[in-house]
Amino acid sequence: MKLTVQDLNSHYGPAHILFDIGFEVGEGEVVALLGRNGAGKSTTFRSIVGLVAQRSGRIMFEGKDVSARPTHEIVRDGLGYVPEERRIFTDLTVEENLEVGRQPKRPNAPHWTRDKLFSLFPNLGEMKNRPGGRMSGGEQQMLTIARTLMGNPSLVLLDEPSEGLSPKIVEQMVEAILTMKKEGVSIVVSEQNLHFARLISDRAYIIERGRICFGGTMAELDARPDIRDAHLSL
Amino acid sequence: MAFYVVQFLTGLASAASLFLVASGLSIIFGVTRIVNFAHGAFYMIGAYIAFTLTERLSGTFGFWGGIVIAALAVAVIGVIVEMVLLRRIYHAPELFQLLATFGLTLMVEDLVVLIWGPDDLVGRRAPGFKGAIDFFGQNIPSYDLFLIVLSPVVLGILWLLFQRTRWGVLVRAATQDRDMVAALGVNQKWLFTSVFAVGVFLAALGGALQIPRDAVHHAMDLRIIVEVFVVVVIGGLGSIIGAFVAAVLVSELNAFGILIFPKISIILVFLVMAAVLIVRPWGLFGKPEAPARKTPGLTVNPWRPLTSNERLAALAALVIAATLPLFAGNYALTVGSEIAISVIFAVSLHFLMSVGGLASFGHAAYFGLGAYGVAFLAKMAGLPMIVCLLLGPLLGCMGAAVFGFFAVQLSGVYFAMLTLAFAQIVWSIAFQWVSVTGGDNGILGVWPASWAASPSHFYWLSLGVAALVTIALRAMVFSPFGYALRATRDSLLRSEAVGINAKSIQWTAFVIAGTTAGIGGALFAYLKGSVFPDNLGISLSVDALVMVLLGGVETVSGAVIGAIVYKALNIWLVSQTDLSKLVLGGFIVLIVVVFPKGIVGMLEMLAQRRRKASPPGSPLLAKPIESAE
Ligand SMILES: Nc1ncnc2c1ncn2[C@@H]1O[C@H](COP(=O)(O)OP(=O)(O)OP(=O)(O)O)[C@@H](O)[C@H]1O
Ligand SMILES: [Mg+2]
């Protein structure tokens, strides 16, 4: 397994948010984490990369338990994270944003260069020197993914990449994610949009109020409209 | 005409050190969000070490090498400080960060005297820049010309460093969002350490380059840090260009201010700073900040009025305190009066800090103004004591009204820097305006009237006023005004959304706190029989902060306990050691790192833990500093 999460519990201050979350991602797989607003998708991702201070449980990445390690070490091991809020460095140009994400080549992961990323996201190539603060939402979404890919991750956590994007940009995003998959990057993508998830994912988990309540292939999910209707708003 | 040109060039030359120190402060703040009060101390150590090295090493190479080695050595000291102390408090509320670095400053002040002695040291002249250049009959030291050229060169190097290197890109990224930088695999710890090293290097270089111009002495840290605060408030914290422009502006204002108001040249700088604050509260080149981390919120206990049992206990404590004259001697009574006055001073700051969320680093200004108010009335107008006591604090009130108006335009670290700068301005006026204030000699012979002259009577008077003030401020916490003030503290935006005029509420609180401090100062003048500039000095402001901190910022009346414990300890300590600043500074650092909730906060926490037997590792109690974020 590429990534195994077991018994993950997280708190924000006194509030208990995640309850015994568990899921798995295979080598080269694209797995969707589906759930409504506030279900705990972002918290799950943030907990995996160590951005939530109060968490417990086991997080095995490539066979090693990373749950006690600091964020930057987890990321340097090849576990990339793309935050939902994008968090572009607004004062830095596109190229400088990419520079922040740059990490050395990794033997077991595809190697990304600026040029390769500019062909994956042609829009970015046209605005290399534009400050991040003066880009559209869709362009920022591309930049935040490209920035994480500069770290040559072998697995990427993508938090709601389609959120707030126009259908045309969403199409580009699907293309890009499929290219990443083809290159060999494993991906966990959080989504509320089942149609989007269906286009890219091999399997899906559903999270509801901090608990995993379904796990299976996309076909298995389609066979259970009751679950789909109970936990996802379409 | 030539004279003015030379004056202008002198100003430009003075700007060099100021710019170096201010840019270092800005760079450190940008990434770590810590306003490093100890920056002046690093500047001073840089000057001392450079003095020693340039004395030992001979020749041109020895001199310039000595300067650079001194700055590098101080940078290494800075790295140690960062790794040992600052790493523990990056997530602490900003008040604690300010205090911890201030504690460091105090320690350094005693240490340099211990190592280099108390006398001014006059350093070597720079080889190759010993002479002066004649400019239409006026002399310009060639070293000044060197400094004038140096500043833009340093500015250019910094620009290249930040724009053209990977390190610079990472620093700029971290300035905006340090967690995201970590989430991209960058080790924040080393980034912070390297930034701190660069900032400290710049400060130390500024100090080292000063030695051919000025004597090295053990008070140069406070002088520079206050000027640097003025510079970053005008230029905008975090902006290097802003530091450059404001350093030049402030230096020129000083250079020409001397000509216009020879006695109180600082007024001119103050006027410009006030103007900038009104037009651009975040400085000429600064950016408005998102509301910063607050002074700690209520993580221990929600506030509530005292129960009737607690009221009885407080009353009993007061009665017991009132029996002191029955068995104590005159010395103990004088100490008792001083402690009671400290209580007044501490609760006044506590009101501003804990209830209003406004941590003033210059509260002594209003205490001292109250004292001077009494002295003016008693000595010049010859009014009776009771009238002086009632009217004297009005000077504190007026000072608080003027400075408070500007100070509440800002919040967080800006507020802290600004209040400190204001206090220093008041101090300079008291110190420089000899014809009115007596300058360093102070005003003597402010003796109490016969009804209050005996130590026991004066003690009862002080105790009574302290009790009244504490009760009044406490009542105010639970009044509608108090609720409104707490609302502005907890969420400025939300409070304004429900129709509270936050600025005017905060201003009122500032004036109340300043007036109350003035009452303490008025009593203090009579207790000592004299008034000196020290009565509004920085160390007194810091005393007040420590008293509040020691009692617990998050409590309603912890300051009372904090003041009693601290003042008693302090009086004892001063009688025991010459190194009281070293001990005090170490003590402040210790409280911040080990007991961030203060005495009363600790007691409440223990009591609560016993009461509820809270679950082990309960998130609220497990990590006191982190959870206070
Ligand atoms: N910083 C925080 N402090 C306290 N509670 C938080 C914080 N962030 C999120 N929460 C709470 O945690 C729960 C899960 O939030 P999370 O952001 O993980 O949901 P999500 O599934 O990503 O939702 P969305 O689809 O809206 O992004 C929510 O109830 C939210 O209110
Ligand atoms: Mg989310």
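Guide: A cavity is a set of points on a 1 Å grid over the protein atoms alone where a 1.4 Å probe fits but cannot get out, and its lining residues have an atom within 4 Å of a point. Its volume is the space filled by probe spheres set on the points, which are joined across faces, edges and corners. By the way, this is a predicted model, where local features need pLDDT of at least 70, side-chain atom pairs count only at pLDDT 80 or more, and totals for chains, interfaces and linings use all residues. Residues are numbered from 1 along each chain as its sequence is written, chains are lettered from A and ligands numbered from 1 in the order in which they are written, and side-chain values use heavy atoms, with hydrogens and water left out.

Visitor: How many cavities of 30 Å³ or more are there?

Guide: Three cavities reach that volume.

Visitor: What makes B:Phe351 a lining residue of the largest cavity?

Guide: B:Phe351 is listed in that lining, so it has an atom within 4 Å of a cavity point. Among the other lining residues are B:Val347, B:Arg474 and B:Val560. Helices α14 (330-355) and α21 (455-477) of chain B each supply at least two lining residues; helices here are DSSP runs of H or I with at least four residues, strands are E runs with at least two, and both are numbered from the N terminus.

Visitor: What classes of residue line the largest cavity?

Guide: Seven are nonpolar, three polar and one charged. Nonpolar means Ala, Val, Leu, Ile, Met, Phe, Trp, Tyr, Cys or Pro, charged means Asp, Glu, Lys or Arg, and the others, Gly among them, are polar.

Visitor: Which strand gives the most to the second largest cavity's lining?

Guide: That's β6 (residues 79-82) of chain A, with three residues. Chain B joins in too, as B:Ala183 and B:Leu184 are in the lining.

Visitor: Why is the pair between A:Thr43 and ligand 1 called a polar contact?

Guide: A polar contact needs a pair of N or O atoms within 3.5 Å (within protein, one must be able to donate a hydrogen and the other to accept it, and residues adjacent in sequence count only if both atoms are side-chain atoms). A polar side-chain atom of A:Thr43 is 2.4 Å from an oxygen atom of the ligand, so the pair qualifies. The value for A:Ser42 is 2.7 Å, and for A:Asn37 it is 3.0 Å. The shell around ligand 1 divides into three nonpolar, six polar and four charged residues, and helix α1 (residues 41-48) of chain A gives three of them, the largest share.

Visitor: Why do β1 and β2 of chain A count as paired?

Guide: Pairing takes at least two DSSP bridges. Seven bridges join β1 (residues 3-12) to β2 of chain A, so they pair, running antiparallel. One bridge links A:Tyr12 with A:Ala15, and another links A:Thr4 with A:Glu24. The two strands form a hairpin with two residues between them, and A:Gly13 in the turn has a positive phi of about 55 degrees.

Visitor: Which strands sit at the edges of the sheet in chain A?

Guide: The open sheet has four strands in the order β2-β1-β4-β5, with antiparallel pairing. Strands β2 (15-25) and β5 (64-65) are the edges, as each pairs on one side only.

Visitor: How many bridges join β1 and β2 of chain B?

Guide: Four bridges join β1 (residues 132-135) to β2 (residues 138-141), so these two also pass the pairing test. In that hairpin, B:Phe136 in the turn has a positive phi of about 45 degrees.

Methods. On a 1 Å grid over the protein atoms alone, a cavity is a set of points where a 1.4 Å probe fits but cannot get out, and a pocket is an open set with protein on both sides within 12 Å along at least five of seven lines; lining residues have an atom within 4 Å of a point.
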